[in-house]
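Student: I'm new to this one. Can you walk me through it?
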Amino acid sequence: IASVSEWTLNQKGLKNGTSMASPNACGGVALIVSGLLQQNIKYSPARVKRAIESTARSIENLDRFTQGNGLLQVSTAFEHIVRESIDSNPELWYLDLPFQVRAG
């Protein structure tokens, strides 16, 4: 549960569920990718996903279906990608298929 920004029409509201999970996850991924770019570390979308899933922290008293992989751990996921970098694990080539996104 998180508070809603003051610029919205309902300034005292609270949101939960996918309304808050999606922006939180996107922000976490953006931080990870930004750090990788800043340190010039090669990565792939599959490696970022694997790191996030592998390092998520389980929440006590919630079943696996309710929480998915758990709570996103940005620092730990970043460190996981650095430790398991493409250059140090060439045998995992299949996780590093090239991709390109175009809009317009």
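Tutor: Let's go from the overall layout to the core.

Tutor: This is a predicted model, where local features need pLDDT of at least 70, side-chain atom pairs count only at pLDDT 80 or more, and totals for chains, interfaces and linings use all residues. Residues are numbered from 1 along each chain as its sequence is written, and side-chain values use heavy atoms, with hydrogens and water left out.

Student: What secondary structure does the chain have?

Tutor: Four helices and two strands. These are DSSP runs, numbered from the N terminus: helices are H or I with at least four residues, strands are E with at least two. The order along the sequence is β-β-α-α-α-α.

Student: Which residues of α2 are buried?

Tutor: In α2 (residues 45-55), they are Arg 47, Val 48, Ala 51, Ile 52 and Thr 55. Buried means under 20% relative accessible area, with a 1.4 Å probe and protein chains only.

Student: Where do they sit around the axis?

Tutor: On the same side of α2, because they cover an arc of only 135°. That arc is taken from the directions from the helix axis to the C-beta atoms. Their cover includes α1 (18-38) and α4 (74-83).

Student: New topic. How many residues are in the largest nonpolar core?

Tutor: Nine, including Ile 41, Ala 77 and Phe 78. Elements giving two or more residues to this core are α1, α2 and α4. A nonpolar core joins buried Ala, Val, Leu, Ile, Met, Phe, Trp, Tyr and Cys residues through side-chain atoms within 4.5 Å.

Student: What is Ile 81 in contact with?

Tutor: Leaving aside neighbours within four places in sequence, Ile 81 is in contact (heavy atoms within 4.5 Å) with Ile 32, Leu 36, Arg 47, Val 48 and Ala 51.

Definitions and conventions: Buried < 20%, exposed > 50% of the residue type's maximum accessible area, 1.4 Å probe, protein only.
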